Amino acid sequence: MISTKEITDELKSHPILRHVYKLLERWKAKEARLLNLTTSHRKIELKLSEDRYKNDLSYLLISMHEPIKMNGPFDWDNADIEIQFDKGNYRVVDTVNQFELTCNDVSVRECKLG
């Protein structure tokens with residue numbers, strides 16, 4: 001299993017996750033909110049920001065494509081997100097806040113408005 005919590009050679013060579021661990025560390029302890037569930041493209045997004053109820057000038061957006069299963073809250077404080085890759089699936093996990101979503105693909109981008 002590859003995890004963004006452990007910097008390994010496997011993580012450094014993964015085409016998606018090799019840059020993600022730095023972004024997740026930068027957005028640690030922020031507020032999290034699930035949004036934009038779409039059924040046509042089967043995607044759900046997780047936004048990390050200073051205030052989940054405002055349209056912040058900057059935030060981290062984790063898009064989880066083809067979700068398989070989810071367990072946990074829809075929003076929470078003090079996010080500590082980890083992304084794992086194992087057996088062809090991704091898991092977006094926040095152990096402390098009891099959140100877990102398994103999906104077929106994931107993308108992460110930092111958004112800055114203004």
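Which residues does Leu17 touch, not counting residues up to four places away in sequence? In this predicted model, Leu17 touches Ile2, Thr4, Leu11, Ile83, Phe85 and Tyr90. Leu17 is found in the loop between helix H1 (9–13) and H2. Its relative accessible area is 0%, and Leu17 is therefore buried. A further comparison of sequence and space concerns His65: Leu17 and His65 are 48 residues apart in sequence, and their C-alpha atoms lie 15 Å apart.

**The sheet**

Two of the residues that Leu17 touches, Phe85 and Tyr90, are also bridge partners, with Tyr90 located in E7. Strand E6 (82–86) and strand E7 (residues 89–94) run antiparallel and are joined by 5 bridges. These two strands belong to an open sheet formed by 8 strands, in the order E1-E6-E7-E8-E4-E3-E2-E5, with antiparallel pairing. At the edges of this sheet stand strand E1 (2–3) and E5, each of which pairs on one side only. In general, the strands of a sheet pair through backbone hydrogen bonds, in either a parallel or an antiparallel manner.

**The loop around Asp80**

Asp80 lies in the loop between strand E5 (75–76) and strand E6 (82–86). Its side chain makes a polar contact with the side chain of Lys5, at 2.4 Å. When neighbours within four places in sequence are left aside, the residues in contact with Asp80 are Lys5, Lys28, Val93 and Asp94.

**Salt bridges**

Side chains of opposite charge can pair when their charged atoms come close. The structure holds 7 salt bridges, and the table presents some of them.

| Salt bridge | N to O distance |
|---|---|
| Arg26 and Glu110 | 3.3 Å |
| Glu66 and Arg42 | 3.1 Å |
| Glu45 and Lys43 | 3.5 Å |

Arg26 and Glu110 form a salt bridge. This pair links distant parts of the chain, since Arg26 is in helix H2 (residues 20–26) and Glu110 is in strand E8 (residues 99–112), 84 residues apart. With a relative accessibility of 28%, Glu110 counts as partly exposed.

The salt bridge between Glu66 and Arg42 also involves two separate elements. Glu66 lies in strand E4 (residues 58–71), while Arg42 lies in the loop between strand E2 (31–38) and strand E3 (43–49), so the pair ties together parts that are 24 residues apart in sequence. Glu66 is partly exposed, at a relative accessible area of 32%. Arg42 likewise counts as partly exposed, at 39% relative accessibility.

Glu45 counts as buried, at 7% relative accessibility, whereas Lys43 counts as partly exposed, at 22%.

**Cysteines**

How many disulfides does a search of the whole structure find? The search finds 0 disulfides. The cysteine sulfur closest to that of Cys103 belongs to Cys111, and it is 17 Å away, which is too far for a bond. A disulfide would require the two sulfur atoms to be within 2.5 Å. Cys111 is accordingly in no disulfide, its nearest cysteine sulfur being that of Cys103. Are these cysteines buried or exposed? Cys103 is buried, with a relative accessible area of 0%, and Cys111 counts as buried at 7% relative accessibility.

Note on methods
Residues numbered from 1 in each chain as written. Predicted model: local features only at pLDDT ≥ 70, side-chain atom pairs only at ≥ 80, totals over all residues. Heavy atoms only, no water. Buried < 20%, exposed > 50% of the residue type's maximum accessible area, 1.4 Å probe, protein only. Helix = DSSP H or I, 4+ residues; strand = E, 2+ residues; numbered from the N terminus. Polar contact = N/O pair within 3.5 Å; in protein donor to acceptor, adjacent residues only side chain to side chain. Contact = heavy atoms within 4.5 Å. Salt bridge = Lys/Arg side-chain N within 4 Å of Asp/Glu carboxyl O. Pairing = 2+ DSSP bridges.
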